[in-house]
Amino acid sequence: MEFIIMIKLFFINFGGYICLEANFSDTDRQPIPGYFQWHEDTVASEFLMCPNSCQQQITKGRTFAGNSVTTCCVEYSRPYWITSKSENLIGSLRLEPRGEQGFVIVPGVANDTLFNKILYQQGNLNVFPSSLCEFRNIVDINFSQNQIENIPDIACLHILDTLNLSFNRIERLDNATFRVLKYLRVFDLSDNKIQYIEPNTFNYRPGSLFEDFVVS
């Protein structure tokens, strides 16, 4: 019975992920001035926009190890929800205290956005909200300056791009935490109480552009 349930959950999660990818393909028809949508077989994310200057100033014949278009885009590309001027592209989720239930996630005014971000800073949040996986289109989490001690399994957030957990009370990192988060590029863990990082925690993940990791 457990095996059947696991299979059903996999297809539910994977189906939602495919649907999101399909919806995002519409952005190909919505160009952003100064940027082009960056596609690479070796890069997992489909949501990155690269400045036109990376194509205009660099000869295409250069190698990857040199100053190629790919190298330029790795450094200067930004997610579509940041470069786009669309107000309906990314929504803001908020946290509300609910007594014994702890904190619950409440959708913003626009609940039909393609992406979501959630910000809760300078509070008394000590655990991740249990309903986080109900919002699989979250791309940006900022729980800085709280009381969080552990990072739970957030593998459900397939397209998470940015995770800010600075100024918390986290002491350890497990190697399973980020194993499937291929889209994660920015992770801020500065000003925590890190005592132990399990081996292979930050092993290379095919397609990952994990470029900004801050820990102290």
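Is Cys72 buried or exposed, and what is its relative accessible area?

Guide: Cys72 is buried, with a relative accessible area of 11%, where buried means under 20% relative accessible area, exposed means over 50%, and partly exposed lies in between, using a 1.4 Å probe and protein chains only. This is a predicted model, in which local features need pLDDT of at least 70 and side-chain atom pairs count only at pLDDT 80 or more, while totals for chains, interfaces and linings use all residues. Residues are numbered from 1 along each chain as its sequence is written, and side-chain values use heavy atoms, with hydrogens and water left out.

Cys72 is joined to Cys54 by a disulfide, with an S to S distance of 2.0 Å, a disulfide being a pair of cysteine sulfur atoms within 2.5 Å. The torsion about the S-S bond of Cys54 and Cys72 is about -70°, so this disulfide is left-handed. The link connects distant parts of the chain, since Cys54 lies in helix H2 (residues 53-56) and Cys72 in helix H3, 18 residues apart; helices (H or I, at least four residues) and strands (E, at least two) are DSSP runs, numbered from the N terminus. Cys54, for its part, counts as buried at 1% relative accessibility.

Helix H3 (residues 69-76) also holds Cys73, which is linked to Cys50 in strand S2, 23 residues apart. The sulfur atoms of Cys50 and Cys73 are 2.1 Å apart, and the torsion about their S-S bond is about -95°, so this disulfide is left-handed. Cys50 is buried with a relative accessible area of 0%, and Cys73 is buried, also at 0%.

Two bridges join strand S2 (residues 48-51) to the antiparallel S3, and Leu48 has Pro79 as its bridge partner in S3.

The chain has three disulfides under the cut-off already given, and the remaining link joins Cys133 to Cys156, with their sulfur atoms 1.8 Å apart. With -75° about the S-S bond, the link of Cys133 and Cys156 is left-handed. Cys133 sits in the loop between S6 and S7, whereas Cys156 sits in the loop between S7 and strand S8 (162-164), so that this pair too links distant parts of the chain, 23 residues apart. Cys133 is partly exposed, with a relative accessible area of 27%, whereas Cys156 is buried at 10%.

Counting the bonded cysteines along the chain, the disulfides follow the pattern 1-4, 2-3, 5-6.

Note on methods. Pairing = 2+ DSSP bridges.
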